Amino acid sequence: MLKEVIATRYITPLREGGSLPGLVEADDFGTYVLKFTGAGQGRKTLVAEVVCGELARRLGFRVPRLATVELDPVLGLGEPEQQVQELLRSSGGTNLGMDFLSGALGFDPLAFTVSPEEAGRIVWFDALVNNVDRSWRNPNLLMWHGELWLIDHGATMIWHHNWPGAAAFAARPYDASDHALHSFAPDVAAAAAALAPLVTEELLAEVTAEIPDAWLTGEPGLDTPDDLRRAYAHELFARAAVIHERIEGVK
Ligand SMILES: Nc1ncnc2c1ncn2[C@@H]1O[C@H](COP(=O)(O)OP(=O)(O)OP(=O)(O)O)[C@@H](O)[C@H]1O
Ligand SMILES: [Mg+2]
């Protein structure tokens, strides 16, 4: 289970994020980056964050710790900005929080070096979950205490927007030519050999169990939250074994 906290104070919006994530304080005295259920991209973005974040963590990547954050829309009343107020008002209930890495720098491929091994692992993982949001324009990688951290997995697993076509979609290749780590000679073959065997049905069941039930509703043909969890696990399991053969744009 993800840690559960209650938001006690809205601090400020994070301007860089397209979905207007905010910084909040919670009842455990932690500071969290909050992704709102009421944001335009909807609950599927939050599901993707949980599935990818928790899978990545179990595969040995550095990912900020995730938590569910209960939000009382009353917190928005004092907000001067209408956009923020509306976001808070429409996001009552369970939202997603991640540990705020204070002082982290956005990754710049021209300013930092990444080994072919680490680059390969990240490219392979992004191919597995079909992450289209790790380009050099918008790397969604942070440097914190001298190490690389993965953030922002909201734009992944595009097949979850159309479950009847999911199998066909998941079989498509992954184009890595635009990837933020493309220039670091990513050793995808080594990454696949090390990581693919770890992506077992047991591991995926553990990962998908972390998704809050509240976000797993309203999907025709997948009537219970567990049906949906199995659907997520199924596509990733099938993809893990073969995706390295379908990564395009890296040597
Ligand atoms: N855990 C974190 N610790 C520190 N800073 C963070 C964290 N998460 C996000 N940020 C900062 O906030 C920005 C926006 O976050 P994120 O990329 O997750 O939001 P988004 O709305 O999905 O963005 P995008 O515009 O890429 O779709 C990041 O680029 C980063 O600068
Ligand atoms: Mg981002």
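This is a predicted model: local features need pLDDT of at least 70, side-chain atom pairs count only at pLDDT 80 or more; totals for chains, interfaces and linings use all residues.

User: Why does Asn130 count as buried?

Analyst: Asn130 has 23 C-beta neighbours inside 10 Å, so it counts as buried. Its phi is near 55°, a positive value in a residue other than glycine. Asn130 is found in the loop between helix 3 (116–128) and strand 7 (141–144); helices (H or I, at least four residues) and strands (E, at least two) are DSSP runs, numbered from the N terminus.

User: And what about Phe29, buried or exposed?

Analyst: Phe29 counts as exposed because it has 8 C-beta neighbours inside 10 Å. Phe29 isn't a glycine, yet its phi is positive, about 70°. You'll find Phe29 in the loop between strand 2 (22–26) and strand 3 (31–35).

User: What makes strand 3 and strand 5 a pair?

Analyst: Two strands pair if DSSP finds at least two bridges between them. Strand 3 and strand 5 (residues 93–99) have four bridges, in the antiparallel sense. One of the bridge partners is Asp99 in strand 5, which goes with Tyr32. Five strands close into a barrel in the order 1-2-3-5-4, with mixed pairing.

User: How many helices and strands does the protein have? And why is it called as compact as a globular protein of that length?

Analyst: There are seven helices and 10 strands. The radius of gyration, taken over C-alpha atoms, is set against the globule rule, 2.2 Å times the number of residues to the power 0.38. The protein comes out at 18 Å, close to the 18 Å that the rule gives for 251 residues, so it is as compact as a globular protein of that length.

User: Which residues of domain 1 and domain 2 belong to each? How many of them are in contact?

Analyst: Domain 1 covers 3–99 and domain 2 covers 105–248, with bounds from an automatic or database domain assignment. Two residues are in contact if their C-beta atoms, placed from the backbone, lie within 7 Å. On that basis, 25 residues of domain 1 are in contact with 24 residues of domain 2. Helix 1 gives the largest share of the domain 1 side, 15 residues.

Technical notes: Residues are numbered from 1 along each chain as its sequence is written. Chains are lettered from A and ligands numbered from 1 in the order in which they are written. A residue is buried if 20 or more other C-beta atoms lie within 10 Å of its own, exposed if 12 or fewer, and partly exposed in between; C-beta atoms are placed from the backbone.
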